[in-house]
Amino acid sequence: MNASNFDLRLYLSRIGFAGTLSADLGTLRALMRRQLFSVPFENLDVQAGKVVSLVPEEIFSKIVVRRRGGYCYEVNGIFAMALAAVGIPCRFVAARPMTYTVRRPKTHMAIVAEVDGEYWLCDLGFGSYGIREPVNLAWVGRKLGQDCDTFRLVRASEEEYLLQSMADEAWKNLYEFNLIPQEWIDFEPANFMNSTHPDSIFVRNLMVVLQHETGKAVLTGHLFREVAEGHVSEREVSPEELPDLLAERFGLEP
């Protein structure tokens with residue numbers, strides 16, 4: 001799972017983590033939140049006509065050395081590398097996005113980590129809808145407040161979990177998954193589809209999301225939306241403004 005060039009010290013510097021590391025829940029939660037608040041979810045490479053690389057060494061170079069972000073395979077991939085370096089066991093799992101009007105294949109990558117015999121869903125790559133800290137798989141049916149967002153985990157079947165979020169006073173399905181471990185190669189077909197298919201949301205629209213402690217900054221196409229403490233503001237961004245916005249609000253150089 002780790003890249004041969006992975007450097008934990010450089011990763012911690014990239015996400016601004018200065019705490020003590022242990023293979024415990026506190027470290028798992030702190031690392032997830034620090035990465036969410038510093039590494040954006042973004043699809044600039046796809047928008048530039050590139051196929052996203054799933055080579056771990058290239059993901060490390062992109063996110064840590066070049067200080068970019070990425071979409072689910074990249075941001076969850078680098079997080080899994082960090083967990084392995086810290087000594088927290090984890091696995092990739094394949095998830096079926098449920099935010100579409102039609103049934104979709106399991107194209108999303110999430111992570112299940114193990115701490116003290118308990119399993120925790122971690123996900124840093126579901127864009128503006130994602131969880132903001134680990135969710136215990138034993139918390140089925142529990143209403144989970146995370147900063148300004150609310151989630152819950154239910155059972156879709158005996159084998160499948162379903163993650164939901166609260167929106168407009170109703171539960172919205174996000175994705176379902178099971179605990180079958182996946183490898184990098186298992187996501188290659190989905191990654192190619194997401195990078196190249198004309199109907200892919202990543203091909204059709206620029207998407208950049210950076211979480212922060214009281215909300216999130218979201219760029220979709222040329223619409224910039226800021227959520228802070230439950231308040232939402234939005235505005236159109238001209239092509240001329242876009243490079244400065246990416247640099248100033250998301251720390252990205254196109």
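1. Let us start with how the chain folds back on itself: among contacts (heavy atoms within 4.5 Å) in the protein between residues at least 6 apart in sequence, 56% join residues at least 24 apart. Please keep in mind that this is a predicted model, where local features need pLDDT of at least 70, side-chain atom pairs count only at pLDDT 80 or more, and totals for chains, interfaces and linings use all residues. Residues are numbered from 1 along each chain as its sequence is written, and side-chain values use heavy atoms, with hydrogens and water left out.

2. Now the overall build. The protein has eight helices and 13 strands; these are DSSP runs numbered from the N terminus, helices being H or I with at least four residues and strands E with at least two. Along the principal axes, the C-alpha atoms fill a box of roughly 50 × 45 × 35 Å.

3. What about inside and outside? Of the 254 residues, 51% count as buried (buried means under 20% relative accessible area, exposed over 50%, partly exposed in between, with a 1.4 Å probe and protein chains only). The protein exposes about 11600 Å², and carbon and sulfur atoms supply 49% of that area (Shrake-Rupley method, 1.4 Å probe; for residues, only the protein chains shown count as cover).

4. Next, the interior. In soluble globular proteins, nonpolar side chains tend to be buried together. Here the largest nonpolar core has 66 residues, and Tyr11, Phe79 and Phe177 have the most contacts inside it (such a core is a set of buried Ala, Val, Leu, Ile, Met, Phe, Trp, Tyr and Cys residues joined through side-chain atoms within 4.5 Å). Helix 5 gives the largest share of this core, ten residues. A second, separate core of 13 residues includes Leu206, Ala217, Leu246 and Phe250.

5. On to charged pairs: how many salt bridges does a search of the whole structure find? The search finds 14, a salt bridge being a side-chain nitrogen of Lys or Arg within 4 Å of a carboxyl oxygen of Asp or Glu. One of them joins Arg29 and Glu133, with the closest N and O atoms 3.1 Å apart. This pair links distant parts of the chain, 104 residues apart: Arg29 is in helix 2, Glu133 in the loop between strand 4 and strand 5. Arg29 counts as partly exposed because its relative accessibility is 38%, while Glu133, at 17%, counts as buried.

6. Two other pairs deserve a look. Lys62 and Glu74 form a salt bridge with closest N and O atoms 2.6 Å apart. Lys62 lies in helix 4 and Glu74 in helix 5, so the pair ties together parts twelve residues apart in sequence; both residues are buried. In the salt bridge of Lys106 with Glu160, the closest N and O atoms are 3.0 Å apart, and the two residues sit in separate loops, 54 residues apart.

7. Finally, Ser195. This residue is in helix 6 and is buried, with a relative accessible area of 5%. Leaving aside neighbours within four places in sequence, the contacts of Ser195 include Val46, Lys50 and Tyr71.
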